[in-house]
Amino acid sequence: LFWRSASAKVYETDVGEQKHVALDDGSQLFLDAKTRIAVSFSETARTVDLQYGRANFRVVPDAHRPFIVEAAERQIVASRCSFDVRCEDGKVQVVLIHGEADVKPASAAPTTQGETLRSGERLVASNDIEKRDKPDLTRVLAWQTGYENFDREELAQAVEEMNRYSTQRVEVDTRDRKSVG
């Protein structure tokens, strides 16, 4: 474990910053604001540790080395696909844009088959929940084009998301206000 983390390439973005990364194998990453990943390649695996934030992955196939994204106690094992992964507060959200990938607990044996996600599907998982659905991809992937799209979000959640993109912080006053008159 020490060797793997010591040899990993770390990529990080700050508030309001997004970054394109081309990996040595030809795979492409697009990091959203406030994201940190560590990438390590070996003879047997290509591993990305998404420590926090959100990233889009466009994976080039390699028959001898699976592409593995580790996030929030889950592993996403992929080949020739495009997907988004978001990791925050112990929760992971995986959205398959094209292709398919397996998602399994990080503690599972390497030969364990996970849940297979296919194009258009999303998995949200943490220690408490595991939910699958087929969201509107235009809305979910809007961050890649510099937009956010909110629908029935609590104001505090929307403000928190917007604060990822600007150093000018917005705050929500949650104090109870009484009506006058």
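Biologist: Why is K9 called partly exposed?

Modeller: The relative accessible area of K9 is 42%. Buried means under 20%, exposed means over 50%, and partly exposed lies in between (1.4 Å probe, protein chains only), so K9 falls in the middle class. The model is predicted: local features need pLDDT of at least 70 and side-chain atom pairs pLDDT 80 or more, while totals for chains, interfaces and linings use all residues. Residues are numbered from 1 along each chain as its sequence is written, and side-chain values use heavy atoms, without hydrogens or water.

Biologist: What makes D24 and K9 a salt bridge?

Modeller: Their side chains meet at 3.2 Å, N to O. The rule asks for a side-chain nitrogen of Lys or Arg within 4 Å of a carboxyl oxygen of Asp or Glu, so the pair qualifies. D24 lies in the loop between β2 and β3, and K9 in strand β1, 15 residues apart. Strands (E, at least two residues) and helices (H or I, at least four) are DSSP runs, numbered from the N terminus.

Biologist: How do you know that D24 is exposed?

Modeller: D24 has a relative accessible area of 65%, and the cut-off for exposed is over 50%, so the label holds.

Biologist: What makes E121 buried?

Modeller: E121 has 18% relative accessibility; the limit is under 20%, so E121 counts as buried. E121 also forms a salt bridge with R132, at 2.7 Å, N to O. R132 is partly exposed, at 36%. Shared partners join E115, E121 and R132 into one network.

Biologist: Why is the pair of F30 and W143 called stacked?

Modeller: Rings of Phe, Tyr and Trp (its six-membered ring) pair if their centres lie within 6.5 Å; planes under 30 degrees apart count as stacked, over 60 as edge-to-face and the rest as tilted. The centres of F30 and W143 are 5.3 Å apart and their planes are at 10°, so the pair is stacked. F30 sits in strand β3 and W143 in the loop between α2 and α3, 113 residues apart.

Biologist: How do you know that F30 and W143 are buried?

Modeller: The relative accessible area is 11% for F30 and 1% for W143. Both values are under 20%, so both residues count as buried.

Biologist: What makes F57 and F83 a stacked pair?

Modeller: The rings are 5.1 Å apart, centre to centre, with 20° between the planes. Those values meet the limits for pairing and stacking, so the label applies. F57 and F83 are buried, and F57, F67 and F83 form one aromatic cluster.
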